[in-house]
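Dear colleague,

I am handing over the structure we spoke about, and below it you will find notes on what came out of the analysis. Please read them with the structure open beside you.

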Amino acid sequence: MAAAKRSLIDWLKQLDFTLLLLTSMLLFAGCLFIYGVGQEAGGEFVRYWVKQLMWLGLGMGAFVAVVCVDYRLWGRWSWLLYTGGVALLVLVLVVGREVHGARSWLVVPGGTLQPAEVMKPATVLLLAWVGSRPALELKHVGHVGILGVVAACPVLLVALQPDWGTCLTFIPVFLAIVFAGGLRWRWLVLAVLMAVVSAPLVYEFGLAPHQQQRIRTFLHPSEDVSDSGWNAHQSLLAVGSGGVWGKGYMRGTQHVLGFLPRTVAPTDFIFSVVAEESGFVGAGAMVCAFVGVILCCLRTAAVAADRFGAYLATGVAALFFIHAFVNVGMTVGVAPIIGIPLPFVSYGGSFMLCCMIALGLVQNVHMRRQLADE
């Protein structure tokens, strides 16, 4: 018994406690502000914090399960997990529930599941595993193309829902891993230039009218503040009205009075609520926490025992970065509103599960950073 206790203590000592502390702070803040929004808004929102705690419990269970199994074993299973995710993405196109014009949800016992969110850590896992194979050299464009196929599959399937905001989050993960693998700068610059050149074609032929309107609203925010630009305008008012110290917890007005729609306040625009009620100090502290989380992931990538671990932690860092950057950017008008939630903070079960699994993968790599390659 004593030996088992010492073994458990030694195992726990290997955790990245800085990363654990930062994510715990974000999770606590998320539950706190979701509770506040619910109590102020009333109605169905009152119990949102209870549901969030339930999803957090499921996420913690997934986190422990991911951490307990060597990440290299997860890598060997990555094809199976990825294939299962692809099957769910195909299934949701056939029998999924349509919400706000996108068929993104599967009805499951006890609620709904968004397969695209579960697909994110599965894609990171397979990209890192394939990219770390000895036969591949990511300095060669031809080998990078193999990873491109892995990334393209979920991007295309999610785009068919259509959910362009979610499908775009896979691209930075792919770019981060091939960059960590040593792909030359000129190829990355060429890829960016191709994306810029093809953007008008994607806008004209690939986006639905309401998605085109979001882009126009982002480029010209003052032209339509009463319709499609309403959320962005009210979010800016909420953030700006918070001042330095904020109006006080549960004393916000933009979402309570319905100017910032109550349906988005606990989800895509939770940062607006944080900024209004806790001001620049609270919002700045949350941004710093996200910077710390991303730096911890990159530190794990730097000390990983093998290339697979390094790529895995890098991919998760990119995943957290794109979500945090775009979500915060949406609330302050520097990014278009594309419905990307804030990691660990926004209300939502599928995304909470995604974040906790991704966090578990990074902790897994960190705990086994002193192991030699097999």
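The cavity described here is lined by Pro341, Leu342, Pro343, Phe344, Val345, Ser346, Tyr347, Gly348, Phe351 and Met352, and it is the largest cavity in the structure. Please keep in mind that this is a predicted model. By residue type, its lining is made up of eight nonpolar and two polar residues, with no charged residue among them.

On the surface, there is a nonpolar patch formed by Phe28, Leu32, Tyr35, Trp49, Leu53, Tyr249 and Met250, which together have about 610 Å² of accessible area. Two or more residues of this patch come from each of the helices α2 (17-41) and α3 (48-68), and α2 gives the most, with three residues. Leu32, one of the patch residues, lies in helix α2 and counts as partly exposed because its relative accessible area is 31%, which falls between the 20% limit for buried and the 50% limit for exposed.

Val155, by contrast, belongs to helix α7, which covers residues 141-159. Val155 has a relative accessibility of 17% and is therefore classed as buried, since the cut-off is under 20%. Along the chain Val155 and Thr166 are 11 residues apart, while their C-alpha atoms are separated by 8.3 Å.

With best regards

Notes. Residues are numbered from 1 along each chain as its sequence is written. This is a predicted model: local features need pLDDT of at least 70, side-chain atom pairs count only at pLDDT 80 or more; totals for chains, interfaces and linings use all residues. Side-chain values use heavy atoms; hydrogens and water are left out. On a 1 Å grid over the protein atoms alone, a cavity is a set of points where a 1.4 Å probe fits but cannot get out, and a pocket is an open set with protein on both sides within 12 Å along at least five of seven lines; lining residues have an atom within 4 Å of a point. Ala, Val, Leu, Ile, Met, Phe, Trp, Tyr, Cys and Pro count as nonpolar, Asp, Glu, Lys and Arg as charged, and the others, Gly among them, as polar. Patches are made of residues with over 30% relative accessible area and no salt bridge: like charges are joined within 9 Å, nonpolar side chains (Val, Leu, Ile, Met, Phe, Trp, Tyr) within 5 Å. Accessible areas come from the Shrake-Rupley method with a 1.4 Å probe; for residues, only the protein chains shown count as cover. A salt bridge is a side-chain nitrogen of Lys or Arg within 4 Å of a carboxyl oxygen of Asp or Glu. Helices (H or I, at least four residues) and strands (E, at least two) are DSSP runs, numbered from the N terminus. Buried means under 20% relative accessible area, exposed over 50%, partly exposed in between (1.4 Å probe, protein chains only).
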